[in-house]
Amino acid sequence: AYSDSMKPGEVASFAFFDNTPSALRGSGWRFCRTSTSTDDQDSGENLFPASWFDTIDRATDDLTYDATNNKVTVAATGWYQINVVQYGESVIAVSGGSAAALLLVNGAVVQQGAPVVQNTSTGGNGFSATFNVYLNDGDFVQPGYWSSWAPLNLLEADASGARTYWSGVFLGTNKKVVLTA
């Protein structure tokens, strides 16, 4: 209004919608390995080799992914569920060796999955773990592994990306509101 005599209208409610929603909803990722080349498994706590997860299966645009370091930086504070799955031939835990998935937050190991059971005659077909972790805006996560031995060429993948991958999903920050009278 160009004068002081007109009062602006009152708004009881207001809503708007994005006419072009993103292809992926929520916040999450799934990166897999489709290259079938193998790599050595080092002993101790390790990050996966550089660019190990070579294929972006899905990733929402709120995340920053550093493929060289297999690193995701999150943009939302809250709970995340993260899976680390590594395929390996049946000998991955033979000869008394064992291996387990790790999760690193900001470069430090924060959780370890259960180790593949040690066995001297048969092994497992890899190792995996599901982690629930609280992350803050700007934190970065990386998948890793722990191994009690250093066999050659046992970190593997299949061309479909179904057996070697890591994924994560933002679970949220909301909790039930309890009303009291």
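Guide: Rings of Phe, Tyr and Trp count as a pair if their centres lie within 6.5 Å. Keep that in mind for this predicted model. Here, ring pairs link W29, F31, F48, F53, Y65, F127, Y145 and W166 into a cluster.

Visitor: How many aromatic pairs does the structure hold?

Guide: It holds nine.

Visitor: Why is the pair of F31 and Y65 called stacked?

Guide: Look at the planes. They are 10 degrees apart, and the ring centres lie at 3.6 Å. Stacked needs planes under 30 degrees apart, so F31 and Y65 qualify.

Visitor: What makes this pair a tie between parts of the chain?

Guide: F31 lies in strand 1, residues 28-32, while Y65 lies in strand 4, residues 64-66. Those parts are 34 residues apart in sequence, so the pair ties them together.

Visitor: How do you know whether F31 is buried or exposed?

Guide: Its relative accessible area is 2%. Buried means under 20%, so F31 is buried.

Visitor: And why does Y65 count as partly exposed?

Guide: Y65 has 21% relative accessibility.

Visitor: Why is the pair of F48 and Y145 called tilted?

Guide: The planes of F48 and Y145 stand at 50 degrees, with centres 5.3 Å apart. Stacked is under 30 degrees and edge-to-face is over 60, so this pair is tilted. F48 sits in the loop between strand 2 and strand 3, and Y145 in strand 10, 97 residues apart. F48 and Y145 are both buried.

Visitor: What makes R30 count as lying over the face of Y165?

Guide: R30 is 4.2 Å from the ring centre of Y165. The distance limit is 6 Å, and the charge must also be within 35 degrees of the ring normal. R30 is listed as lying over the face of Y165. K71 has its charged end over the ring of F140, 4.4 Å from the centre.

Visitor: Which residues touch the most other members of the largest nonpolar core?

Guide: W29, V72, Y80, I82, F127, V141 and W166 do, out of 26 residues. Strand 9 gives the most to this core, with five residues.

Visitor: What does W29 touch?

Guide: Leaving out residues up to four places away in sequence, its contacts include R58, L63, V72, Y80, I82, V141 and W166.

Visitor: Which elements build the chain?

Guide: The protein chain has eleven strands and zero helices. Buried residues make up 37% of its 181 residues.

Methods: Residues numbered from 1 in each chain as written. Predicted model: local features only at pLDDT ≥ 70, side-chain atom pairs only at ≥ 80, totals over all residues. Heavy atoms only, no water. Phe/Tyr/Trp six-rings, centres within 6.5 Å; stacked < 30°, edge-to-face > 60°. Helix = DSSP H or I, 4+ residues; strand = E, 2+ residues; numbered from the N terminus. Buried < 20%, exposed > 50% of the residue type's maximum accessible area, 1.4 Å probe, protein only. Core = buried A, V, L, I, M, F, W, Y, C linked by side-chain atoms within 4.5 Å. Contact = heavy atoms within 4.5 Å.
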